[in-house]
Amino acid sequence: MSLISQNADSRNMVRSKRDDDGDEPLVLEGGRDLENEGESDLVISKSKKRKKEMEKRLEIEQEREMKQLENLFFGSLYSPLEFGKEESEEKGQDLDEDGSALFFVDRSANNLLSAHEEDAELLEPSNDIEVKSQKKAVWVDEEEEKLSVNIAKVNRLRKLRKEEDDSVISGSEYVSRLRAQHAKLNPGTDWARRDSRLRTYDDESSDEESGVTLARGYETIEAVDDILRTDEDLVVKSGAKLLPGLLEFSKLVDANIEDPSNGPINSVQFHRNAQLLLTAGLDRRVRFFQIDGKRNTKIQSVFLDDCPVRKASFLPDGSQVIIAGRRKFFYSFDLVKATVDKIGPLVGREERSLEEFEVSPDSSLIAFVGNEGYILLVSSKTKELIGTLKMNGTARSLAFSHDGKELLSSGGDGQIYHWDLRTRTCIHKGVDEGCINGTALCTSPNGRMFAAGSDSGIVNIYKRDEFLGGKRKPIKTIENLTTKVDFMKFNNDAQILAICSTMKKNSLKLVHVPSLTVFSNWPPPNSSLHYPRCLDFSPGGGFMAVGSAAGKVLLYKLHHYHNA
């Protein structure tokens, strides 16, 4: 055996020996090399152990961060914070088996928790609003700061500019402007928010400044909360005042465009529901239209063979229509049963015409103008004559007070009579200033004023209390008409008074009652009213219908009023 083979065998024996007993040092010819290799193995094992410990710590930290994020999103799921316990108990409960803390509470981030450290017994739980206001965004996109957007280059983004020279903005500014634009286009509904109930209603000055008054029967706080969660018209705006000078209006499709009249229109009136309009004229037809301002669909037509209609009027309760002409009888049309009843002549009376009449606001009486100064009182239920009133001169015009307890009349003696319908006696009689023959009367819905027209075209506006107190001077005399005043009408809130004469074209004026001035832009300069004969305002004031001698019913929208 050669030396080379002997050395090779010895080396192999050393290697196998080292593999079997790696922990015991072997002193051979290459002893120093083996010692160096053993030291390097120890270093490697220590580094591996440290690496495992670091990985374990990273896993614990990552798990803790995940729990913190879950607590931020969903609340304290694992160990919710309980106020009022001592810190020693908290520490004892929040230690793991090895003594390390499972999580920690950063009390410097929340002033409520720092107060807990000082005085745990005096701290009260905060409401949700304060907690929400102190929470910050959980995640912020860092790329927003690096992003830049040119809002001047894109057409649909130009509305985000605050100034004309705005062009390039940062990503965060772009996001904030988008949020502001969204909030502007989609305002929230306060009544649907949970925190809306936190509002207090003890301060009455806030309601007075906003011009909002509560409807009758909704004065309690519980009722206020209820009505603010609905869209019904239970809150009345009291501060809306019509301005004088120019009246904002627009012309709509004619009310009777589907079936125009073949003769002059003598009566137009809105039903109490503001959707149904009555028209009647000398063609002996009474028509009903559903008013929407666009189509104005015809609903029904009633033909009266022997009575050219001079006047037709709804009962205020909306159940019937009273129709009269130059006949000694009149008709009653029942809207529910769709039947027409012929009534008259009245027992004990010889009147050949019952064309002038008025219906009381409580729907109980119908007052007809009779012969020789007589006023005939007829029950709306039985259609029988129940009483009469007698003027000194001839009777030409009638008007009920707003509550239906009094009746005003005027006629050939130039005086205005006030009648008490409960006693059927005249309680006051006064001269209408400058009037020889009274031709028209009208009372305001609030009962404070009334207007009297004469055959000379003069319209006097009086305050009721002052007139009954003996003051005969009107608060305003309207001299814009030059021919006989045939028709007058206050609108629903007594801010507009319409005066009309049938003897002249376009002789229809609208008076702004608070300032006692006439609207300068009415009648419209570019359109013709022909010969106006009657007029009515819708219950909400939004529509105004004008009947003319041409058989048309012109319809206008008054922009100041939002409801029909």
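Predicted model: local features only at pLDDT ≥ 70, side-chain atom pairs only at ≥ 80, totals over all residues.
How many bridges join E27 to E28, and in which sense do the two strands run? The views below begin with that pair.

View 1. Residues are numbered from 1 along each chain as its sequence is written, and side-chain values use heavy atoms, with hydrogens and water left out. E27 and E28 run antiparallel and are joined by 5 bridges, with Leu497 having Val511 as its bridge partner in E28; strands are DSSP runs (E, at least two residues) numbered from the N terminus, and two of them pair if DSSP finds at least two bridges between them. E28 also pairs in the antiparallel sense with strand E29 (residues 517-518), over 2 bridges, and there His512 stands opposite Thr517. E28 and E29 form a hairpin with 4 residues between them, and Leu516 in the turn has a positive phi of about 55°.

**View 2. Burial of E28.** 5 of the 5 residues of E28 are buried, so the strand is largely enclosed by the rest of the structure; buried means under 20% relative accessible area (1.4 Å probe, protein chains only). Both faces are covered, with Leu508, Leu510 and His512 buried on one side and Lys509 and Val511 buried on the other.

**View 3. The largest nonpolar core.** This core has 18 residues, and those with the most contacts inside it are Ile496, Leu508, Leu510, Trp522, Phe537 and Met544; a nonpolar core is a set of buried Ala, Val, Leu, Ile, Met, Phe, Trp, Tyr and Cys residues joined through side-chain atoms within 4.5 Å. The elements that give two or more residues to this core are strand E27 (496-500), strand E28 (508-512), strand E30 (532-537), strand E31 (543-548) and strand E32 (553-558). Leaving aside neighbours within four places in sequence, Leu508 is in contact (heavy atoms within 4.5 Å) with residues including Trp522, Leu529, Leu535 and Val546.

**View 4. An open sheet of 4 strands.** The strands lie in the order E14-E15-E16-E17, and the pairing is antiparallel. The edge strands, strand E14 (357-359) and strand E17 (385-390), each pair on one side only. Strand E16 (residues 374-379) is joined to E17 by 5 bridges, and Leu377 stands opposite Gly387 in E17.

Definitions and conventions. Buried < 20%, exposed > 50% of the residue type's maximum accessible area, 1.4 Å probe, protein only.
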